[in-house]
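Reader: I am new to this structure. Please take me through a single part of it, step by step.

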Amino acid sequence: MTDSSTTVRPDRRAEIAAGLARVRARIADACAAAGRDRAEVTMIAVTKTYPASDVLALAGLGVTDMGENRDQEAAGKAAEVAAAGVVPRWHFIGRLQRNKARSVVRYADVVQSVDSVRLARALGAAADGRDRPVSALVQVSIDGDPARGGAVPGSSDPDTGLDAVAEAVAGAPALRLAGLMAVAPLEWEPERAFARLAEVAAAFRAVHPGATALSAGMSGDLEIAIGYGATHVRVGSALLGMRPTLR
């Protein structure tokens, strides 16, 4: 009997293919406008709330990077997808509780939301023994409010200051400091947010030259993020349509 959760309907595959073509064209146009090589930008398909069958459809269309933000959903979905013979590069992009670190490192190759020294240490301990390091991005608080998540640039806080978090990641043998991630604050114009992030990223790379990844931009503002140097954009609704309602 076929498992309906991993069966890709032809009409849904066509719908996803059309969305993917539109997003790829937007990324290509944004790179051209910014004078950047298209190969510099990776699209992460944000599949939270969408079924495993959509992940398989995306993989069949050549998408290699998938993003999830809730471990409870992601762990099961990753297992379903793997059971179907597909192993994409999973990015964990949501706020991560330390007690979920051990579960997340079982399927995620990239964790984009490391925002405290305590989380970096928990993630490093959980990843110990993997056959390859977990790539970790430090999530930056663009507006300096750590209550929303994100390490704070210029802060001397020993747990949530950006420098302290980066050093904790860099010092963990089972982690690789890959770069930065940020979400534009809702009340900020994207131009302002990504311009500020570009400043933070430039200063960060001066200290950590190997940490070149910059994850910024989503369905509504990916062009602006690419213009300010994003190397990864996280796209959900523009790719897969309106999200199913969470229950």
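This is a predicted model: local features need pLDDT of at least 70, side-chain atom pairs count only at pLDDT 80 or more; totals for chains, interfaces and linings use all residues.

Which residues in α1 meet which residues in α2?

Author: Now to the contact. On the α1 side are R12, R13 and I16. On the α2 side they meet D54, A57, L58 and G60.

Helix α1 covers residues 10-34. Helix α2 covers residues 52-60. Two packed helices are described by the angle between their axes and the distance between the axes. For α1 and α2 the angle is about 60 degrees. Their axes lie 10 Å apart. The crossing of α1 and α2 is right-handed.

Helix α2 has another partner. Helix α3, residues 71-83, packs with α2 at an angle of about 50 degrees. The axes of α2 and α3 are 9 Å apart. This pair is therefore oblique too. The crossing of α2 and α3 is right-handed. From α2, the contact uses A52, V55 and L56. From α3, it uses K77, E80 and V81.

Stay in α2 and look at S53. This residue belongs to the helix. Is S53 buried or exposed? It is buried, because its relative accessible area is 10%, and the cut-off for buried is under 20%. What does S53 touch, once neighbours within four places in sequence are left aside? The contacts are S5, T6, T7 and V8.

The phi angle of T49 is near 75 degrees. That is a positive value in a residue other than glycine. T49 has 17% relative accessibility, so T49 counts as buried.

Strand β1 is made of residues 42-46, and T42 is found in it. T42 counts as partly exposed because its relative accessibility is 24%. Follow its contacts. Leaving out residues up to four places away in sequence, T42 touches D65, T231, H232 and V233. T42 and A230 are 188 residues apart in sequence. In space, their C-alpha atoms are 9.0 Å apart.

Now for some places elsewhere in the chain. V140 sits in the loop between β5 (134-139) and α6 (162-170). V140 has a relative accessible area of 3%, so V140 is buried. Its contacts, apart from neighbours within four places in sequence, include G150, A151, P153 and L162. Also among them are L180, M181, A182, L197 and V200. Compare the pair V140 and I224. They are 84 residues apart along the chain. Their C-alpha atoms are separated by 18 Å.

Last, the aromatic rings. R192 lies over the face of W188. The distance from the ring centre is 3.5 Å. How many aromatic pairs are there? The count comes to 0.

Back to your starting point, then. Helix α2 meets α1 through D54, A57, L58 and G60. Helix α2 meets α3 through A52, V55 and L56.

Conventions: Residues are numbered from 1 along each chain as its sequence is written. Side-chain values use heavy atoms; hydrogens and water are left out. Helices (H or I, at least four residues) and strands (E, at least two) are DSSP runs, numbered from the N terminus. Buried means under 20% relative accessible area, exposed over 50%, partly exposed in between (1.4 Å probe, protein chains only). Contact means heavy atoms within 4.5 Å. Rings of Phe, Tyr and Trp (its six-membered ring) pair if their centres lie within 6.5 Å; planes under 30 degrees apart count as stacked, over 60 as edge-to-face and the rest as tilted. A charge sits over a ring if NZ of Lys or CZ of Arg is within 6 Å of the ring centre and within 35 degrees of the ring normal. Axes are lines fitted to C-alpha atoms, for helices over the stretch in contact, and angles run from 0 to 180 degrees between N-to-C directions. A crossing is left-handed if the near helix is turned anticlockwise from the far one by less than a right angle, and right-handed if clockwise. Angles under 35 degrees count as roughly parallel, over 145 as roughly antiparallel, 65 to 115 as roughly perpendicular and the rest as oblique.
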